[in-house]
Amino acid sequence: MPGSRSARIRLLVAEQAAVRGARVGVVDVCTAAVVALPVGGAGLSAMSRGRASHPLCSTDHISEQLEELQLTLGEGPCVDAFTQGSAVLTPDLRTGELQNRWPLFVDAALGAGALAVFALPLQVGAISPGVLDLYAQVPVRLDAEELADALAFADLATLVLLDARIDETGGPPGGPTEDLGAYRAEIDQATGMLTVQLGVGIEEAFVRLRAHAYAHERRLADVAADLVARRLRFSPGTEPVQDPTDPHGDADPHGDADPHDDADPRDDDDPRDSA
């Protein structure tokens with residue numbers, strides 16, 4: 001029965017929160033889903049049509065990579081589930097149809113170690129705050145009962161997010177979560193800085209940020225951190241310029257950028273730079 005399923009899922013999630021010694025958060029939904037379902041890991045991302053999307057939590061390194069990949073590449077089951085408002089179930093990513101559908105994501109996901117991905121949108125009426133992703137390292141299909149449980153986990157994750165508990169998603173240092181507050185603020189700040197540096201709108205600035213992260217095989221959060229710390233800046237019509245003393249140095253080897261662009265970091269957010 002639906003009621004008993006919901007109660008069972010809530011109990012499983014509450015048990016995970018008890019292990020952490022904290023109030024229930026979306027990380028507990030993810031870890032409970034991994035315990036209950038034939039999957040290897042889970043991740044959850046907050047998504048919105050009006051602002052940049054952000055990973056909220058992940059249970060392991062592979063799920064963390066999958067969340068980052070989909071948001072950086074702008075394609076994959078998670079993106080489609082959010083856009084379509086329905087579950088996207090991919091029992092085997094190696095099928096030709098999926099490789100044509102998500103050419104960048106599929107290759108990267110297989111490289112990360114995932115062979116199956118199940119993306120479940122979080123929804124209450126017209127509200128859709130994000131997507132719950134489950135992955136497996138082997139091809140697998142969810143049977144009817146397992147799919148019903150997965151959807152119940154997604155429903156509970158939605159309620160947790162909308163219950164103003166986003167600040168409860170963090171676990172102990174080094175645990176399987178992202179620092180949501182810092183992550184969201186840094187990416188938003190970096191995107192805002194790019195609108196000034198490039199003289200473009202917020203959506204195009206976020207696309208440029210994602211494109212740079214993908215081209216240099218870096219995490220979106222790391223590129224954002226470099227921008228905010230002024231170790232990296234973008235200029236219209238040139239490759240981004242990075243401080244050569246930075247260990248991730250992406251400085252343009254051809255010297256196309258103005259050598260004076262990063263002479264004074266105080267000028268990085270000067271609106272006149274985009275003129």
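Which residues in α4 are buried? In this predicted model, the buried residues of α4 are Pro77, Cys78, Val79, Asp80, Ala81 and Phe82. The helix, which spans residues 77–84, is mostly covered, with 6 of its 8 residues buried. The elements that cover these buried residues include the helices α3 (61–73), α5 (96–101) and α6 (103–112), together with the strands β3 (88–90), β4 (116–124) and β5 (127–136). After α4 comes glycine 85, whose phi is positive and lies near 75°.

**Backbone at arginine 230**

A positive phi also occurs at arginine 230, where the angle is about 65° although the residue is not a glycine. Most residues other than glycine have a negative phi. Arginine 230 belongs to the loop between α10 (220–228) and β6 (232–233), and, because its relative accessible area is 31%, the residue counts as partly exposed.

Side chains of opposite charge can pair when their charged atoms come close.

| Aspartate 149 and arginine 8 | 2.8 Å | 141 residues |

Aspartate 149 in turn forms a salt bridge with arginine 8; because aspartate 149 lies in helix α7 and arginine 8 in helix α1, the pair ties together parts that are 141 residues apart in sequence.

The accessibility of these residues can be considered next. Arginine 5 has a relative accessibility of 16% and therefore counts as buried, as does aspartate 149, at 9%. Arginine 8, by contrast, is partly exposed, because its relative accessibility is 37%. The cut-off that matters here is that buried means under 20% relative accessible area.

When neighbours within four places in sequence are left aside, glutamate 67 is in contact with Gly43, Leu44, Ser45, Pro55, Cys57 and Asp133.

Glutamate 67 is also one of the residues that line the largest cavity, along with Ala42, Gly43, Ser63, Leu66, Asp133, Leu134 and Tyr135. Rolling a probe the size of a water molecule over the atoms shows where empty space is left. The count comes to 1 cavity of 30 Å³ or more, and the largest cavity has a volume of about 30 Å³. At least two residues of its lining are supplied by each of β1 (41–46), α3 and β5. By class, the lining consists of 4 nonpolar, 2 polar and 2 charged residues.

**The second largest pocket**

Helix α3 contributes to a further lining, that of the second largest pocket, to which α3 gives the most, with 7 residues. About 360 Å³ of space lies in this pocket, and of the 15 residues that line it, those closest to its centre are Leu69, Ala213, Glu217, Arg218 and Arg219. The helices α3, α6 and α9 (202–215) each supply at least two residues of the lining. By class, the lining of the second largest pocket divides into 7 nonpolar, 3 polar and 5 charged residues.

Conventions:
Residues numbered from 1 in each chain as written. Predicted model: local features only at pLDDT ≥ 70, side-chain atom pairs only at ≥ 80, totals over all residues. Heavy atoms only, no water. Buried < 20%, exposed > 50% of the residue type's maximum accessible area, 1.4 Å probe, protein only. Helix = DSSP H or I, 4+ residues; strand = E, 2+ residues; numbered from the N terminus. Contact = heavy atoms within 4.5 Å. 1 Å grid on protein atoms, 1.4 Å probe; cavity = no way out; pocket = protein on both sides within 12 Å on 5 of 7 lines; lining within 4 Å. Points joined across faces, edges and corners; volume = space filled by probe spheres on them. Nonpolar A, V, L, I, M, F, W, Y, C, P; charged D, E, K, R; others polar. Salt bridge = Lys/Arg side-chain N within 4 Å of Asp/Glu carboxyl O.
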